[in-house]
Amino acid sequence: MGRYEALFTPACLDGIFPAEERTKAFFDALFGDAEEGAYDIRLTFHGAQGQKAEQLKFFFELHQRKGMCLACNLTHGLPQVFRRHPVIGLKDLCAQLARHAGWSDNEWSWELGETEEASDKLHIIPLTLVKN
């Protein structure tokens, strides 16, 4: 197990981005009712890349809720929403992740990719932290 894999465990990421709490707050803000959402949002770590591990790859995983439909039209516009939604708090979230990695402020940036369909029941949005 690499250094970053040992740092960004599922328990660690759930502490930084509590899936149940953030999902409820996100859908409550969007629809006024947390139960209206078609998916649960979880942050996962998918490794470090680059010669000196200067890129950290994360996914926002969108897991279909039982009895709901995870349709493309529900998830494909989400990167734009996630970029500015206060419940997701992407700027602060990325700062927490970078600090946890031991990176200093102002030595990193982040990129949010487009929604990808991993399966009918799982869509992902890639999040990459890049050490400058």
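The structure is a predicted model, in which local features need pLDDT of at least 70, side-chain atom pairs count only at pLDDT 80 or more, and totals for chains, interfaces and linings use all residues. Residues are numbered from 1 along each chain as its sequence is written, and side-chain values use heavy atoms, with hydrogens and water left out.

**The strands**

Please begin by selecting residues 39–49 and 55–64, which are strands β1 and β2. Helices (H or I, at least four residues) and strands (E, at least two) are DSSP runs, numbered from the N terminus. Strands β1 and β2 run antiparallel and are joined by nine bridges; two strands count as paired if DSSP finds at least two bridges between them. Within this pair, phenylalanine 45 stands opposite phenylalanine 58 of β2. Five residues lie between the two strands of this hairpin, where glycine 50 takes a positive phi near 100°.

Buried is defined as under 20% relative accessible area, exposed as over 50%, and partly exposed as in between (1.4 Å probe, protein chains only). Because nine of the 10 residues of β5 are buried, the strand is largely enclosed by the rest of the structure.

Two further strands meet β5. β3 runs antiparallel to β5 and is joined to it by five bridges; glutamate 111 has threonine 128 in β5 as its bridge partner. β4 (residues 116–119) is likewise antiparallel to β5, with three bridges, and here glutamate 116 is partnered by isoleucine 124 in β5. The hairpin formed by β4 and β5 has two residues between the strands.

**The nonpolar core**

Now select Phe8, Phe58, Phe60, Phe82 and Leu97: of the 36 residues in the largest nonpolar core, these touch the most other members. Such a core is a set of buried Ala, Val, Leu, Ile, Met, Phe, Trp, Tyr and Cys residues joined through side-chain atoms within 4.5 Å. The largest share, six residues, comes from α6. In soluble globular proteins, nonpolar side chains tend to be buried together.

Centre the view on leucine 97. Not counting residues up to four places away in sequence, leucine 97 touches Phe8, Leu13, Ile16, Leu43, Phe58, Leu127 and Leu129, where contact means heavy atoms within 4.5 Å.

Threonine 23 is found in helix α3 (residues 19–31). It is buried, with a relative accessible area of 1%. Its side chain reaches the backbone oxygen of alanine 19 at 2.8 Å. Beyond four places in sequence, threonine 23 touches Tyr39, Asp40, Ile41 and Arg65.

Glycine 67 lies in the loop between β2 and α4 (72–75) and is exposed, with a relative accessible area of 75%. Its C-alpha atom is 8.5 Å from that of alanine 38, although the two residues are 29 residues apart along the chain.

Finally, select histidine 100 in helix α6. It is partly exposed, with a relative accessible area of 33%. Leaving aside residues up to four places away in sequence, histidine 100 touches Leu7, Phe8, Cys12 and Ile16. The C-alpha atoms of histidine 100 and cysteine 69, 31 residues apart along the chain, are separated by 35 Å.

Definitions and conventions:
Polar contact = N/O pair within 3.5 Å; in protein donor to acceptor, adjacent residues only side chain to side chain.
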